[in-house]
Each structure stands twice: as structure tokens, then as C-alpha cells.
Amino acid sequence: MTRTLKISLAAALSLAMGLTALAEPSKKAWVMRFDLDWKVASGLAEKAMLVSLQGLANREEAQLYIIHPADFQWEITEPLYDFYQRKHGVAFSEIPDAKAALKRFKSAAKGYVVWDKEVGPSLNVAFTIAGLEDAIVVSEELIPLMRKVGLKEIDDLRGRYTGQSDAEIYGDAIERYWHRCNRDKIMLMGGHRGRVMMPAMADWGIRERMFFHDLSADPNEADELVLNRQLLEDLNPGATVFGWHPYGKDTEEQSTMLLSLYGLKMEGLHNLPNLSYNCQFSFTPGFKFTNNHHVGLDETLVAEEKVYISFVQSDSIGIGVWTKPGRGKLPFAWQVTMNWTKFSPAALEYFHESATPNDYFIGGLSGPGYMYPNNIPKERFPQLMEEAKELMAVLDERVMEIMDNSAADGNVGNADLFKETVDAYYEAFPDVIGFINGYGPARTFDLRDTRPMLSYDYYIDPKRPREEVTADLNELIALNSKRPYFLLVHVRESNDVNSLVEVVENLEGPVEVKPLDVFLKLAASNKTYQTRFRQPDDPVHFKGY
């Protein structure tokens, strides 16, 4: 059964989120192509300059788009480029090199700021200055080019931070610049550090005048943590942290738990490109989200004595899987980054337009952004989930995916939800078919009315040989002998669908792969799973703050 929204997406989003539909951007724009060289010693300097120029060029109108290679982590920049031409009628002119880009867009800049290649955090300070002062970010070797095109120096960070700790550097930056920065958005420009840095999201932070940093959330880094907390406390309620945590400084779990404690949302990664361009487009006129529902909201199904399997790709529609061969051969659910309705509508429209009947979209992750719900302040939870519910209605989604790794370690450990958290989800989402939980395997299960909450029983690591995945799943099937058995499988990013077709063919039956909405309806009909929540004495990896 398919439900069609009765109003256009742009209008629906405006009603749901209180937004004004964007005017159609200019039909004329420019495009550049990047390679994969982000090394500090070679390709980074020019890319940092161009990404900062992109943020300025796109501040008032959508002018500059960047295409990355197909094996870049966000692989859809080329398909989305084609989408803009086909659906929005944009006529792109290709810019061959950095000099030509400067010639075209230097009027968007008031000058340049120099970062110190010997001091990595100085790049983030330079990005902050660039947004506030309309500056292009350059390293020393690019200064002659700036002078040649007639741009003046606004600031020079060479030597300013030599020998200083990251906490000292960002403490100085906070004192100098934080009072002028956006309080609804902040850029955690972490991710790659050291010899390779990949600040592909910097255009967005510059356009929106965000403060850039890569402060640690590790309690053992107390000097950095206190500054990180200061920034999060100063943000407006409901603000968004863009980017990603700094590799090697802290963990994803620490970083996400910290921002969740303030009721803030994470959207990333650090290398998500072109948001300064994408944000200026609304959905095409007349476009409607019609998800591939396989069962009605009020429909009742009855499970047989067999094994039911459902596959789910999270991580923002797989990160690198959507365009790979094989998609559509098996029923797959895809977790959608719902906030893209606000800053990247064309990407969501592209995914929905190119979906096969076997592709089913679900909401997540945990709310209107990536959050750990066990740690969201109780007074903030209802408002955040109301926002998520409105976004799910716009996107025609009926399943919410939840993840809380605050007590876990990567893909292992405790990913369970407290009963109070489960209660809050059932109250906040009365109209969903059900909920799914975890990343790696988890043990939170429940059934209320006809709405189950099921956790993943298995996690498919992309590096694990397929014959071992088959053996693991067959072992789970043998161990869980009570039928029906509902086996929910999380398919990690970069696992393509083709690789799982043979796995399914070699499972010991009777086994059926079902779309997630059907799977949940079947799970509601025969509760062979045990109700369980996270317990106070359950082991935890990270004890918190």
C-alpha cells in the first residue's frame, strides 16, 4: 500500500517546519572537479582555498558546485550534479583550475587569511575568520596568487600559535571570535587529522558564519573538554553541531553523548560537501514523497513458524552504497538524514526518485539528527521528537531508528535503552508502525499495542568475508529455535546489496527476507522475543561525564 501526500513537498515542509519555501536559484552556475589528494603537504592547501571561496561565492546565491571522485566517501556529488541539470535546469560552466575560480569569484571576498601549515588547528581558526570577515583561506605558498588578483591580507596566523596546545589555541579563538559567530550552528571540523585533513564541509560553516573547532570530548582532555562544554552551553536550544568528532582525540561515543546532554543535534560528516550550494534549492514543483510502503498502518499480518529477516542500512543512506550495483535485488530499509529537508533537499529528492520498489526509507537517527536518547534532557525530548515526527510526515516515513552508544564501544557493548527512554518514544510517536534499535547487536525489545520495538541481532562488518557472515547468521538461526524468529540485521555502510544475495541463498530455512514494515507487522503478531530494557547494573564502556 502506498500513501501519497496531498500537497507539494516544499509546501508541506513549510507547514511542518515553519519555513518559507525558497525561491528557485539561478539557472546559471559553475562547477569544479576535485581529486582525492587532501594531504597537508600537497593537495590540501588549494582545496582549503577553494572550499572557502565556495562558501563566500554561495553566500547570496548558488554559484559554485564541486564534484568529487566516485570513490570519495560522499559518492553522489556527480549524480546530484546531473540531477540539478535535469530537474532544476541549471546550466553549469566548468572552471578548470584555482586561478580561474579566483578570477570568477574574487569579488565575493574582501581579502585573505593565512593559516599555519605547521599548526593544524590554525586552519579551523582561519575558517572561522573567513566566515566573519569574508576572507579566502590560504597557506603561505598561495599568498603571491592572492596579491596577484588584488586581494588584501586580513589576518596572518603564522607563528601566532607556535608551541601552543589545542586548548590554548581555541581558547584564544573563542575570546577573539565566538561572540560574533552563529549560535544556531557550530562546526566541529574534526575527522581526519595530522598529515591528511579533509574539511570538505567548510564551505557550509563559512557561509553560515560558524565557529570552527576540533576540541576533544574525552574527559581525560580536561582543558579541551571545558572549552567544548562552554561552546555547547552557549548555543541556542535546538542548535545543530555540524561536522564530526576529531579522530584520535576522542571517540564518536564520547562526542555524541556530550552534545546529546545539551539536547543538540549532530549532522555530519566533516567531508559532506556542497551544503552552501545545496541549501539554496527547494524540492522541484509538484514533487511528492511517496515511500514504498508494503503494508497499511492499520493492517494486521500473521507470522508463520519460520525465520524472518530484514536488512537495514543506516549511516545516511549507506554512505557510498546507493550507486553501487545490486540495489533493489533484496528488500532494504535505508535510514534517512531527515534534516536534509532543510539544507539539502535535492539530495533527498534524488534518493527518492532513484529508489527501487525494494528500497524503503525510515527516520533517524534517534530524532531530528544524530543523538543518544538516554542522555537527552527530559525537558528537551518532547520538542525534539515533535520536530522529528513532523519531518517523518513530510518524508512519508513510518519507522523510527534509534541508536544510543553512550555505554558501548564502537560496534560492541551496551546499546540498550532505559525503560524511561522507550516510554518516551512510544508517547512521542503514536502513529509509527514500530521502532528499531542499536548499531551493533542490542537487547532492547518491547511490544505495545501493535507497535514493536526490536533491536539488531546482527551487524555486518563490510570487511567480514561473506561466507563467515552466512555462517554467523545460520548459527543465530540455530540458537534461536523458537519460531517465528525475527532476525533484524544492520548492514554497515559500504556493504553493497550484491554481496548479500549469495548470503541469503545459503541460509538454512525456512527463511524469508521481508521489507522492514512487513517485518515489524509480523513481529507484532507473535511476540516470541522477551521484553527487556537497559538495567542500572548493565556493564558500560564509558561512564559518562
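A residue is called buried under 20% relative accessible area, exposed over 50% and partly exposed in between, with a 1.4 Å probe and protein chains only. The model is predicted: local features need pLDDT of at least 70, side-chain atom pairs count only at pLDDT 80 or more, and totals for chains, interfaces and linings use all residues. Residues are numbered from 1 along each chain as its sequence is written, and side-chain values use heavy atoms, without hydrogens and water.

The chain holds 18 helices and 22 strands. These are DSSP runs numbered from the N terminus, with helices (H or I) of at least four residues and strands (E) of at least two. Of the 545 residues, 63% are buried. The C-alpha trace spans about 75 × 50 × 45 Å along its principal axes. The radius of gyration is 24 Å, which agrees with the value near 24 Å for a compact globule of 545 residues. That radius is taken over C-alpha atoms, and the globule rule is 2.2 Å times the number of residues to the power 0.38. Contact means heavy atoms within 4.5 Å. Among contacts between residues at least 6 apart in sequence, 80% join residues at least 24 apart.

Lys 521 sits in helix 18 (residues 516-525). Beyond neighbours within four places in sequence, the contacts of Lys 521 include Val 295, Asp 298, Glu 299 and Ile 433.

The disulfide count is zero, where a disulfide is a pair of cysteine sulfur atoms within 2.5 Å. The sulfur of Cys 181 has its closest cysteine sulfur in Cys 279, 18 Å away, too far for a bond. Cys 181 is buried at 7% relative accessible area, and Cys 279 is buried at 9%.

Most residues other than glycine have a negative phi, and most peptide bonds are trans. Arg 209 has a positive phi of about 55°. Arg 209 lies in the loop between helix 8 (202-207) and strand 8 (212-213) and is partly exposed, at 36% relative accessibility. Asp 449 has a phi near 60°. Asp 449 is exposed at 69%, in the loop between strand 18 (446-448) and strand 19 (451-455). A cis peptide bond joins Gly 268 and Leu 269, with omega about 20°. The bond from Arg 483 to Pro 484 is also cis, with omega near 0°.
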